[in-house]
Amino acid sequence: MAQVFTDILASIKAKGNIEAFDVLNLRETTYRDGSAIISEAQAIMDLHKACTIFPQYWLDFYFEATIDFVVRQQDPMGYVDEYKANWLLDNISNQGRVNSPADLELVTRIIETADDAPAAVRALALNEIEQTILSGKGATRNGDSQSGSHINDAEVAYLRRLMFALSSGGAATISVDEAEALFRIKNACLDGDNADAWLDFFAKTIGNHLMAHDFYTKISVEKAQERETFLENTHSNIGAFLSRAFVGAKSAIGSADRNDIWDENHGADDIAENENIDSVENAWLNQKIASDGKTDKYEQAVIEVIKN
(Lines give C-alpha, C1' and ligand atoms only; values in the text may rest on other atoms or scores of the structure.)
Protein backbone atom coordinates (compact mmCIF):
# COMPACT_ATOMS: atom_id res chain seq x y z
CA MET A 1 0.00 0.00 0.00
CA ALA A 2 1.45 3.37 -1.05
CA GLN A 3 2.51 5.88 1.60
CA VAL A 4 0.17 8.49 0.14
CA PHE A 5 -2.77 6.13 0.72
CA THR A 6 -1.68 5.62 4.34
CA ASP A 7 -1.38 9.39 4.82
CA ILE A 8 -4.91 9.98 3.54
CA LEU A 9 -6.29 7.37 5.95
CA ALA A 10 -4.42 8.92 8.87
CA SER A 11 -5.81 12.35 7.99
CA ILE A 12 -9.39 11.02 7.89
CA LYS A 13 -9.02 9.24 11.23
CA ALA A 14 -7.55 12.36 12.83
CA LYS A 15 -10.53 14.47 11.68
CA GLY A 16 -13.08 11.83 12.64
CA ASN A 17 -15.12 12.25 9.47
CA ILE A 18 -14.91 11.67 5.72
CA GLU A 19 -15.27 14.59 3.36
CA ALA A 20 -15.82 14.58 -0.38
CA PHE A 21 -12.24 15.59 -1.21
CA ASP A 22 -10.99 12.69 0.98
CA VAL A 23 -12.92 10.24 -1.19
CA LEU A 24 -11.57 11.90 -4.34
CA ASN A 25 -8.01 11.47 -3.04
CA LEU A 26 -8.65 7.87 -2.05
CA ARG A 27 -10.16 7.10 -5.45
CA GLU A 28 -7.21 8.61 -7.33
CA THR A 29 -4.70 6.74 -5.16
CA THR A 30 -6.53 3.41 -5.25
CA TYR A 31 -6.89 3.38 -9.04
CA ARG A 32 -3.54 4.93 -9.90
CA ASP A 33 -2.36 1.48 -11.02
CA GLY A 34 -5.79 0.45 -12.33
CA SER A 35 -7.18 -1.65 -9.47
CA ALA A 36 -7.52 -2.10 -5.72
CA ILE A 37 -5.08 -4.47 -3.99
CA ILE A 38 -5.76 -6.47 -0.83
CA SER A 39 -4.10 -4.01 1.56
CA GLU A 40 -6.05 -1.10 0.09
CA ALA A 41 -9.31 -3.07 0.07
CA GLN A 42 -8.79 -4.00 3.72
CA ALA A 43 -7.96 -0.41 4.66
CA ILE A 44 -11.14 0.81 2.93
CA MET A 45 -13.14 -1.90 4.71
CA ASP A 46 -11.64 -0.97 8.10
CA LEU A 47 -12.40 2.70 7.52
CA HIS A 48 -15.99 1.85 6.67
CA LYS A 49 -16.38 -0.20 9.84
CA ALA A 50 -15.11 2.78 11.84
CA CYS A 51 -17.66 5.15 10.27
CA THR A 52 -20.79 6.25 12.09
CA ILE A 53 -22.11 8.47 9.29
CA PHE A 54 -22.22 7.26 5.68
CA PRO A 55 -22.42 10.10 3.14
CA GLN A 56 -23.43 8.95 -0.33
CA TYR A 57 -20.08 9.90 -1.87
CA TRP A 58 -18.37 7.53 0.57
CA LEU A 59 -20.84 4.70 -0.06
CA ASP A 60 -20.38 5.04 -3.83
CA PHE A 61 -16.61 4.65 -3.43
CA TYR A 62 -16.93 1.86 -0.84
CA PHE A 63 -19.17 -0.17 -3.15
CA GLU A 64 -17.07 0.49 -6.25
CA ALA A 65 -13.69 -0.34 -4.72
CA THR A 66 -14.88 -3.45 -2.86
CA ILE A 67 -16.77 -4.86 -5.85
CA ASP A 68 -13.74 -4.24 -8.05
CA PHE A 69 -11.49 -6.14 -5.63
CA VAL A 70 -13.88 -9.04 -4.91
CA VAL A 71 -15.33 -9.58 -8.40
CA ARG A 72 -12.72 -8.42 -10.90
CA GLN A 73 -9.25 -8.78 -9.40
CA GLN A 74 -8.67 -12.50 -10.01
CA ASP A 75 -8.65 -14.99 -12.86
CA PRO A 76 -11.09 -15.59 -14.31
CA MET A 77 -12.63 -12.16 -13.87
CA GLY A 78 -16.21 -12.23 -12.57
CA TYR A 79 -15.84 -15.47 -10.60
CA VAL A 80 -15.61 -14.80 -6.86
CA ASP A 81 -13.22 -17.35 -5.37
CA GLU A 82 -13.38 -18.88 -1.88
CA TYR A 83 -10.59 -16.65 -0.54
CA LYS A 84 -12.36 -13.44 -1.59
CA ALA A 85 -15.72 -14.78 -0.36
CA ASN A 86 -14.31 -15.62 3.07
CA TRP A 87 -12.57 -12.23 3.25
CA LEU A 88 -15.85 -10.49 2.43
CA LEU A 89 -17.92 -12.46 4.95
CA ASP A 90 -15.34 -11.94 7.70
CA ASN A 91 -15.52 -8.18 7.17
CA ILE A 92 -19.23 -7.50 6.65
CA SER A 93 -20.99 -10.04 8.86
CA ASN A 94 -21.14 -11.52 12.33
CA GLN A 95 -22.88 -14.77 13.25
CA GLY A 96 -24.70 -14.94 9.92
CA ARG A 97 -26.01 -11.35 9.94
CA VAL A 98 -24.67 -8.36 8.03
CA ASN A 99 -23.17 -5.52 10.04
CA SER A 100 -25.10 -2.66 8.44
CA PRO A 101 -27.61 -1.70 5.72
CA ALA A 102 -24.66 -0.61 3.55
CA ASP A 103 -23.17 -4.10 3.82
CA LEU A 104 -26.43 -5.71 2.71
CA GLU A 105 -26.41 -3.43 -0.33
CA LEU A 106 -22.75 -4.27 -0.96
CA VAL A 107 -23.22 -8.05 -0.91
CA THR A 108 -26.34 -7.72 -3.08
CA ARG A 109 -24.42 -5.69 -5.67
CA ILE A 110 -21.62 -8.26 -5.65
CA ILE A 111 -24.13 -11.04 -6.32
CA GLU A 112 -25.67 -8.98 -9.13
CA THR A 113 -22.29 -8.10 -10.67
CA ALA A 114 -20.47 -11.44 -10.46
CA ASP A 115 -20.83 -14.25 -12.96
CA ASP A 116 -20.59 -16.69 -10.07
CA ALA A 117 -20.16 -16.49 -6.31
CA PRO A 118 -19.86 -19.14 -3.58
CA ALA A 119 -23.16 -20.25 -2.05
CA ALA A 120 -22.18 -18.76 1.33
CA VAL A 121 -22.25 -15.25 -0.12
CA ARG A 122 -25.77 -15.66 -1.50
CA ALA A 123 -26.90 -17.43 1.69
CA LEU A 124 -25.77 -14.50 3.85
CA ALA A 125 -27.86 -11.99 1.91
CA LEU A 126 -30.98 -14.16 1.79
CA ASN A 127 -30.65 -15.08 5.46
CA GLU A 128 -30.39 -11.41 6.40
CA ILE A 129 -33.66 -10.63 4.64
CA GLU A 130 -35.45 -13.64 6.11
CA GLN A 131 -34.22 -13.05 9.67
CA THR A 132 -35.07 -9.35 9.49
CA ILE A 133 -38.61 -10.18 8.41
CA LEU A 134 -39.04 -12.82 11.12
CA SER A 135 -37.55 -10.74 13.94
CA GLY A 136 -38.48 -7.21 12.88
CA LYS A 137 -34.85 -6.13 13.34
CA GLY A 138 -32.17 -5.89 10.69
CA ALA A 139 -30.64 -4.09 7.75
CA THR A 140 -33.92 -3.11 6.08
CA ARG A 141 -35.66 -1.77 9.19
CA ASN A 142 -33.40 1.18 10.11
CA GLY A 143 -33.20 -0.02 13.70
CA ASP A 144 -36.98 0.12 14.13
CA SER A 145 -38.99 -2.89 15.28
CA GLN A 146 -42.70 -3.37 14.63
CA SER A 147 -44.89 -5.90 16.36
CA GLY A 148 -45.77 -8.92 14.27
CA SER A 149 -43.86 -10.27 11.28
CA HIS A 150 -44.39 -8.50 7.98
CA ILE A 151 -42.52 -7.83 4.74
CA ASN A 152 -41.96 -4.31 3.45
CA ASP A 153 -41.27 -2.90 -0.02
CA ALA A 154 -37.50 -2.83 0.47
CA GLU A 155 -37.43 -6.51 1.42
CA VAL A 156 -39.50 -7.56 -1.60
CA ALA A 157 -37.11 -5.55 -3.80
CA TYR A 158 -34.05 -7.23 -2.25
CA LEU A 159 -35.57 -10.69 -2.66
CA ARG A 160 -36.25 -9.94 -6.32
CA ARG A 161 -32.69 -8.70 -6.91
CA LEU A 162 -31.06 -11.62 -5.11
CA MET A 163 -33.17 -14.45 -6.53
CA PHE A 164 -32.85 -13.32 -10.13
CA ALA A 165 -29.21 -12.19 -10.04
CA LEU A 166 -26.81 -13.60 -12.62
CA SER A 167 -24.70 -15.39 -10.00
CA SER A 168 -27.67 -16.94 -8.17
CA GLY A 169 -28.24 -20.69 -8.44
CA GLY A 170 -30.15 -20.20 -11.70
CA ALA A 171 -30.18 -16.76 -13.25
CA ALA A 172 -33.73 -17.14 -14.59
CA THR A 173 -35.13 -19.78 -12.25
CA ILE A 174 -35.77 -20.18 -8.54
CA SER A 175 -34.00 -22.92 -6.59
CA VAL A 176 -35.58 -25.25 -4.04
CA ASP A 177 -33.80 -23.47 -1.19
CA GLU A 178 -35.11 -20.10 -2.36
CA ALA A 179 -38.66 -21.45 -2.73
CA GLU A 180 -38.48 -22.96 0.77
CA ALA A 181 -37.36 -19.58 2.15
CA LEU A 182 -40.28 -17.83 0.45
CA PHE A 183 -42.75 -20.24 2.04
CA ARG A 184 -41.18 -19.70 5.48
CA ILE A 185 -41.50 -15.95 5.04
CA LYS A 186 -45.07 -16.28 3.75
CA ASN A 187 -46.13 -18.39 6.73
CA ALA A 188 -44.57 -15.97 9.21
CA CYS A 189 -46.16 -12.92 7.57
CA LEU A 190 -49.56 -14.40 6.82
CA ASP A 191 -51.48 -11.86 8.91
CA GLY A 192 -48.95 -9.04 8.66
CA ASP A 193 -49.24 -5.59 7.12
CA ASN A 194 -47.30 -6.63 4.05
CA ALA A 195 -46.07 -4.71 1.02
CA ASP A 196 -48.55 -4.54 -1.85
CA ALA A 197 -46.02 -6.22 -4.18
CA TRP A 198 -45.54 -9.26 -1.92
CA LEU A 199 -48.56 -11.34 -3.03
CA ASP A 200 -47.78 -11.02 -6.73
CA PHE A 201 -44.05 -11.59 -6.20
CA PHE A 202 -44.61 -14.69 -4.06
CA ALA A 203 -47.10 -16.30 -6.44
CA LYS A 204 -45.10 -15.67 -9.61
CA THR A 205 -41.76 -16.62 -8.05
CA ILE A 206 -43.07 -19.93 -6.73
CA GLY A 207 -44.68 -20.48 -10.13
CA ASN A 208 -41.27 -19.80 -11.67
CA HIS A 209 -39.69 -22.42 -9.42
CA LEU A 210 -42.23 -25.02 -10.54
CA MET A 211 -42.53 -24.25 -14.24
CA ALA A 212 -39.77 -22.02 -15.62
CA HIS A 213 -37.15 -23.14 -18.11
CA ASP A 214 -33.69 -21.65 -17.59
CA PHE A 215 -32.06 -20.75 -20.90
CA TYR A 216 -28.91 -19.62 -19.14
CA THR A 217 -26.21 -22.22 -18.55
CA LYS A 218 -23.57 -20.96 -16.18
CA ILE A 219 -20.03 -21.33 -17.50
CA SER A 220 -17.78 -23.20 -15.07
CA VAL A 221 -14.76 -21.42 -13.64
CA GLU A 222 -12.51 -23.85 -15.53
CA LYS A 223 -14.18 -23.05 -18.85
CA ALA A 224 -14.05 -19.33 -18.15
CA GLN A 225 -10.32 -19.62 -17.41
CA GLU A 226 -9.80 -21.51 -20.69
CA ARG A 227 -11.53 -18.71 -22.59
CA GLU A 228 -9.43 -16.00 -20.93
CA THR A 229 -6.25 -17.92 -21.71
CA PHE A 230 -7.35 -18.39 -25.32
CA LEU A 231 -8.06 -14.68 -25.74
CA GLU A 232 -4.73 -13.74 -24.17
CA ASN A 233 -2.88 -16.08 -26.54
CA THR A 234 -4.73 -14.94 -29.65
CA HIS A 235 -4.20 -11.29 -28.77
CA SER A 236 -0.48 -11.78 -29.39
CA ASN A 237 -1.05 -13.65 -32.65
CA ILE A 238 -4.09 -12.19 -34.38
CA GLY A 239 -3.26 -13.82 -37.71
CA ALA A 240 -3.36 -17.29 -36.25
CA PHE A 241 -6.60 -16.43 -34.45
CA LEU A 242 -8.32 -15.32 -37.66
CA SER A 243 -7.11 -18.45 -39.43
CA ARG A 244 -8.52 -20.70 -36.73
CA ALA A 245 -11.76 -18.71 -36.66
CA PHE A 246 -12.20 -19.20 -40.44
CA VAL A 247 -11.63 -22.95 -40.18
CA GLY A 248 -14.01 -23.14 -37.23
CA ALA A 249 -16.71 -21.30 -39.17
CA LYS A 250 -16.46 -23.73 -42.10
CA SER A 251 -16.67 -26.65 -39.67
CA ALA A 252 -19.79 -25.25 -38.05
CA ILE A 253 -21.47 -24.66 -41.43
CA GLY A 254 -20.63 -28.18 -42.55
CA SER A 255 -22.20 -29.71 -39.46
CA ALA A 256 -25.40 -27.66 -39.34
CA ASP A 257 -27.58 -30.77 -39.42
CA ARG A 258 -26.03 -32.38 -36.35
CA ASN A 259 -28.44 -33.38 -33.59
CA ASP A 260 -26.68 -31.29 -30.92
CA ILE A 261 -27.31 -27.96 -32.69
CA TRP A 262 -29.83 -25.88 -30.71
CA ASP A 263 -32.83 -25.01 -32.86
CA GLU A 264 -36.25 -23.49 -32.37
CA ASN A 265 -38.09 -26.80 -31.96
CA HIS A 266 -35.58 -28.09 -29.42
CA GLY A 267 -36.06 -24.93 -27.36
CA ALA A 268 -39.83 -25.17 -27.52
CA ASP A 269 -39.72 -28.80 -26.38
CA ASP A 270 -37.60 -27.88 -23.37
CA ILE A 271 -39.93 -25.03 -22.42
CA ALA A 272 -43.00 -27.25 -22.71
CA GLU A 273 -41.37 -29.99 -20.63
CA ASN A 274 -40.47 -27.58 -17.82
CA GLU A 275 -43.94 -26.01 -17.79
CA ASN A 276 -45.39 -29.40 -16.85
CA ILE A 277 -45.18 -29.92 -13.09
CA ASP A 278 -43.74 -33.36 -12.38
CA SER A 279 -44.69 -35.71 -9.53
CA VAL A 280 -41.90 -34.47 -7.24
CA GLU A 281 -42.86 -30.82 -7.72
CA ASN A 282 -46.53 -31.65 -7.27
CA ALA A 283 -45.83 -33.50 -4.01
CA TRP A 284 -43.71 -30.58 -2.77
CA LEU A 285 -46.45 -28.04 -3.47
CA ASN A 286 -49.18 -30.21 -1.96
CA GLN A 287 -47.11 -30.67 1.17
CA LYS A 288 -46.63 -26.89 1.49
CA ILE A 289 -50.31 -26.14 0.99
CA ALA A 290 -51.53 -28.95 3.29
CA SER A 291 -49.10 -28.17 6.13
CA ASP A 292 -51.64 -26.04 8.03
CA GLY A 293 -54.80 -27.72 6.73
CA LYS A 294 -56.05 -24.73 4.72
CA THR A 295 -55.28 -22.82 1.53
CA ASP A 296 -54.44 -19.16 2.17
CA LYS A 297 -54.62 -16.34 -0.39
CA TYR A 298 -50.92 -16.64 -1.24
CA GLU A 299 -51.19 -20.35 -1.99
CA GLN A 300 -54.36 -19.72 -3.97
CA ALA A 301 -52.47 -17.12 -6.02
CA VAL A 302 -49.79 -19.73 -6.79
CA ILE A 303 -52.50 -22.13 -7.98
CA GLU A 304 -53.90 -19.42 -10.25
CA VAL A 305 -50.46 -18.76 -11.74
CA ILE A 306 -50.07 -22.47 -12.51
CA LYS A 307 -53.57 -22.74 -13.98
CA ASN A 308 -53.03 -19.75 -16.23
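Buried is taken here as under 20% relative accessible area, exposed as over 50%, and partly exposed as in between (1.4 Å probe, protein chains only). The model is predicted; local features need pLDDT of at least 70, side-chain atom pairs count only at pLDDT 80 or more, and totals for chains, interfaces and linings use all residues. Residues are numbered from 1 along each chain as its sequence is written, and side-chain values use heavy atoms, with hydrogens and water left out. Helices are DSSP runs (H or I, at least four residues), numbered from the N terminus.

Helix α1 spans residues 3–15. Its 13 residues reach 19 Å from the first C-alpha to the last, close to the 18 Å expected at 1.5 Å a residue. The expected span is 1.5 Å times one less than the number of residues. Phe5, Ile8, Leu9 and Ile12 are the buried residues of α1. They cover an arc of only 95° around the axis, so they sit on the same side of α1. The arc is that of the directions from the helix axis to the C-beta atoms. An α-helix has 3.6 residues a turn, so residues three or four places apart point the same way. On the other side of α1, Gln3 and Ala14 are exposed. Cover for the buried residues of α1 includes α2 and α3, contact being heavy atoms within 4.5 Å. Just after α1, Gly16 takes a positive phi of about 85°.

Helix α4 (residues 56–72) has 17 residues. Its first and last C-alpha atoms are 23 Å apart, close to the expected 24 Å. Of the 17 residues of α4, 12 are buried, so the helix is largely enclosed by the rest of the structure. Among them are Trp58, Phe61, Tyr62, Asp68 and Phe69. What covers the buried residues of α4 includes α2 (20–30), α3 (38–50), α5 (82–92) and α6 (101–113).

Lys84 lies in helix α5. Lys84 is buried yet has no salt bridge. A salt bridge requires a side-chain nitrogen of Lys or Arg within 4 Å of a carboxyl oxygen of Asp or Glu. The nearest side chain of opposite charge, Asp81, is 5.2 Å away; Lys and Arg count as positive, Asp and Glu as negative, and His and the chain ends are not counted. A polar atom of the Lys84 side chain lies 3.1 Å from the backbone oxygen of Gln73. Leaving aside neighbours within four places in sequence, Lys84 is in contact with Phe69, Val70, Gln73 and Gln74.

The salt-bridge count comes to 15. Glu105 pairs with Arg109, with the closest N and O atoms 2.7 Å apart. The two residues are four apart in helix α6, so about one helical turn separates Glu105 and Arg109. Glu105 is buried at 14% relative accessible area, whereas Arg109 is partly exposed at 29%.

Arg161 forms a salt bridge with Glu112, the closest N and O atoms being 2.9 Å apart. Arg161 lies in helix α8 (residues 153–163) and Glu112 in helix α6, so the pair ties together parts that are 49 residues apart in sequence. Arg161 is partly exposed at 25%, as is Glu112 at 33%.

Arg141 forms a salt bridge with Glu155, with the closest N and O atoms 2.6 Å apart. Arg141 lies in the loop between α7 (119–135) and α8, and Glu155 in helix α8, so this pair ties together parts that are 14 residues apart in sequence. Salt bridges that share partners join Glu105, Arg109, Glu112 and Arg161 into one network.

Key. A polar contact is a pair of N or O atoms within 3.5 Å; within protein, one must be able to donate a hydrogen and the other to accept it, and residues adjacent in sequence count only if both atoms are side-chain atoms.
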